[in-house]
Amino acid sequence: MQEQARRLSQPLPWGRPQKIVAAVLASLMLAGSGTLIAFALSSGAPARADCVDLSFPSTLGAAEVKGCGVKARQICASGAYRGIQREMLLACRKAGFPYRRPPA
């Protein structure tokens with residue numbers, strides 16, 4: 001009984017096969033992490049500068065106005081968004097398009 005208690009209180013010895021398995025698993029995890037980090041840093045399109053993207057409160061929740069290039073120019077020139085004039089002005093200015101204020 002005392003022999004079993006002594007054996008249970010001591011850590012298991014790591015032999016050569018266990019050390020090899022642990023080293024292989026650690027290296028696979030390190031390689032996988034490196035691959036994921038490289039993929040995350042290199043994927044995805046850069047943000048376009050000529051885009052208008054706004055979310056604003058509406059009657060049924062949130063509404064969005066999105067457009068890039070010609071579509072963004074049309075959005076900024078339309079003057080159709082009365083309740084969010086300030087936000088539209090900032091978004092159009094950021095995209096580099098003139099904003100036409102809606103008639104009063």
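The questions and answers below walk through a predicted model of one protein chain.

Visitor: Which element of the protein chain has the highest mean pLDDT, and which the lowest?
Guide: The mean pLDDT of the protein chain as a whole is 87, and 97% of its residues reach 70 or more. Among the elements of the chain, the lowest mean, 83, belongs to helix α1 (residues 2–9), while the highest, 93, belongs to α2.

Visitor: What does helix α2 reach from its first C-alpha to its last?
Guide: Helix α2 runs over residues 16–42 and has 27 residues, for which a span of 39 Å is expected at 1.5 Å a residue. Just after this helix, Gly-44 takes a positive phi of about 95 degrees. From its first C-alpha to its last, α2 comes close to the expected span, reaching 39 Å.

Visitor: In what sense do strands β1 and β2 pair, and over how many bridges?
Guide: Strand β1 covers residues 51–58 and strand β2 covers residues 61–68, and a hairpin of two residues joins them. Within the pairing, Cys-51 stands opposite Cys-68, and the bridge partner of Phe-56 in β2 is Ala-63. The two strands pair in the antiparallel sense, over eight bridges.

Visitor: Why is the aromatic pair of Phe-56 and Tyr-81 edge-to-face?
Guide: A search of the whole structure finds one aromatic pair. The ring centres of Phe-56 and Tyr-81 are 6.5 Å apart and their planes stand at 70 degrees; since planes over 60 degrees apart fall in that class, the pair is edge-to-face.

Visitor: Which element gives the most residues to the largest nonpolar core?
Guide: The largest nonpolar core has 16 residues, and those with the most contacts inside it are Val-52, Leu-54, Met-88 and Cys-92. The elements that give two or more residues to this core are β1, β2, α3 and α4. In soluble globular proteins, nonpolar side chains tend to be buried together. With five residues, the element that gives the most to this core is α4.

Visitor: Which residues of α4 are buried?
Guide: What covers the buried residues of this helix includes β1 and α3. One of the buried residues, Met-88, touches Leu-54, Ile-75, Tyr-81 and Tyr-99 when residues up to four places away in sequence are not counted. The buried residues of α4 are Met-88, Leu-89, Ala-91, Cys-92 and Ala-95.

Visitor: Is Phe-97 buried or exposed?
Guide: Phe-97 has its place in the segment after α4, where Gly-96, just after the helix, takes a positive phi of about 90 degrees. Beyond neighbours within four places in sequence, Phe-97 is in contact with Asp-50, Gly-69, Ala-72, Arg-73, Cys-76 and Cys-92, and its C-alpha lies 9.5 Å from that of Gly-69, which is 28 residues away along the chain. Its relative accessibility is 11%, and because the limit is under 20%, Phe-97 counts as buried.

Visitor: Which residues does Ala-77 touch, not counting those up to four places away in sequence?
Guide: Ala-77 has its place in helix α3, and at 39% relative accessibility it counts as partly exposed. Its C-alpha is separated by 15 Å from that of Leu-54, which is 23 residues away along the chain. With residues up to four places away in sequence left out, Ala-77 touches Pro-98 and Arg-100.

Technical notes. Residues numbered from 1 in each chain as written. Predicted model: local features only at pLDDT ≥ 70, side-chain atom pairs only at ≥ 80, totals over all residues. Heavy atoms only, no water. Pairing = 2+ DSSP bridges. Helix = DSSP H or I, 4+ residues; strand = E, 2+ residues; numbered from the N terminus. Expected span 1.5 Å × (residues − 1). pLDDT = per-residue confidence, 0-100. Phe/Tyr/Trp six-rings, centres within 6.5 Å; stacked < 30°, edge-to-face > 60°. Core = buried A, V, L, I, M, F, W, Y, C linked by side-chain atoms within 4.5 Å. Buried < 20%, exposed > 50% of the residue type's maximum accessible area, 1.4 Å probe, protein only. Contact = heavy atoms within 4.5 Å.
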